[in-house]
Amino acid sequence: MLKVINVVGARPNFMKIAPLIRAMDEHAEEIDHLLVHTGQHYDDKMSKFFFDDLGLPKPDIDLEVGSGSHARQTAGVMVAFEKVLLRERPHLVVVVGDVNSTMACTITAKKLGIKVAHVEAGLRSRDITMPEEINRLCTDVLADYLFTTDYIADRNLHREGVPNDKIFFVGNVMIDTLLAHKKRASQLDTYRRFGLGKHGYIVMTMHRPANVDNRDILSGILKSLKKISADIPILFPCHPRTLKMIRTFGLEKLLQPATEKGEKLLSGFFVTEPLGYLDFLNLNMNSRLVLTDSGGLQEETTVLGVPCITMRPNTERPITEELGTNHVVGNDPLAVEKKIHAILTNRNEQGKIPPRWDGKAGQRIVQVLLNQKQALGTR
Ligand code: UD1
């Protein structure tokens, strides 16, 4: 029996682990798996609601680490996770994505001689000021099995000297989850509840420290979007850290609370709490365009065929620009405005879906792990 610990910590991890758990369950006679939640995200709206929407099992172990500075959070996860590993002694730890929990659990496992698989390996923004880039680099240099989403990630790893037999191009688990839930999400009336018309609104998300921790940058972006929202409604499900900064900088007046009364809206800049997976997917698939600084949303819009403007100077997911509908424009309000206008006046934007973003990445990963059973120390 192969004993695996799957790790999640923050919101974008939940949709990545879901297809893996499903695929592991299909091989219950060969794989015994536990789910550890580090507790990096702890609000119901950032965590529990996703477990419900995605049908994820309740975590077997919750480390309840919570928020803190990077060092405190990372160290907290390491101390708590080490105890779990010493008790459970798994053959393999599976980490996903690039959050602090991903790196913390990788380091802890490797120092105990336990093998690590990294799902979504090889993504690089080449921007070392991003905490996620540091997490990605540390995780990939240590991991034993590197599961990649596209050929650019493979190339990055090759250039960094990772041997070919550690790299497995399997596709995109986040897209497994999107494809598995697309139909259910399309049957909801989320956008109508918010008073929005099909393809008649913009969805926005923003939470990166580089965009929200600086008053001038945050107010510059919000003011220019306020202007744009006179012509097309913008709905902004707001991350807790962004809301905190909006309040700290006294920028609340630029936004108005969204209501779910369903009155038809033709304009306005509306803010709402973070939404669950299905509601948010419904909003995205019916929007005219998505404005974001998220990583995963660049991929999801690529598959949905919805234009995406990424308010960052770079992306670790260049395939979404190369093949998809993503435009990386930085956070200069004028550049963002210009791109929004360009997209709103061009109705025919199209993209392609990258190879192996087909809903089967989770199954491919589990197949690789089963083939590696001997190398992982099981019989
Ligand atoms: C983290 C990830 C980021 C990911 C994002 C998705 C790292 C370095 N960053 O960023 O890659 O895109 O999650 O959301 O791991 N907070 C709450 N409730 C929560 C969680 C957070 O209020 O449940 C607030 C706290 O004020 C906290 C702040 O958000 O201090 C930041 O949380 P943290 O997990 O450190 O980073 P994120 O910005 O969420």
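## Strands and their pairing

Two strands are said to pair if DSSP finds at least two bridges between them. In this predicted model, strand β1 (residues 2-8) meets that condition with strand β2 (residues 31-37), since the two are joined in the parallel sense over seven bridges. One of the residues involved is Val4, whose bridge partner in β2 is His33. Helix α4 (residues 100-111) packs on the sheet, where it touches β1, β4 (92-96) and β5 (115-119), and its direction makes about 160° with that of β4.

## The whole sheet

Seven strands make up an open sheet with parallel pairing, and their order is β3-β2-β1-β4-β5-β6-β7. Because β3 (61-62) and β7 (167-169) stand at the edges and have a single partner strand each, one side of each is left without a neighbour in the sheet.

The protein is divided into domain 1, which covers 2-171 + 360-371, and domain 2, which covers 183-344. The C-alpha centres of these domains lie 27 Å apart, and 21 residues of domain 1 are in contact with 19 residues of domain 2. The area buried between the two domains is about 1,700 Å², and carbon and sulfur atoms give 57% of it. On the side of domain 1, Lys45, Asp53 and Ile152 lose the most area to domain 2, together 27% of what that side buries.

Four salt bridges are found across the interface of domain 1 and domain 2, and Glu273 forms a salt bridge with Lys45 in which the closest N and O atoms are 3.1 Å apart. The elements giving two or more residues to the side of domain 1 that touches domain 2 are α1 (11-25), α2 (48-54), α5 (131-142) and α6 (151-159).

Terms used. Residues numbered from 1 in each chain as written. Predicted model: local features only at pLDDT ≥ 70, side-chain atom pairs only at ≥ 80, totals over all residues. Heavy atoms only, no water. Helix = DSSP H or I, 4+ residues; strand = E, 2+ residues; numbered from the N terminus. Contact = heavy atoms within 4.5 Å. Axes fitted to C-alpha atoms, helices over the stretch in contact; angles between N-to-C directions. Domains from an automatic or database assignment. Buried area = accessible area lost by both parts, 1.4 Å probe. Salt bridge = Lys/Arg side-chain N within 4 Å of Asp/Glu carboxyl O.
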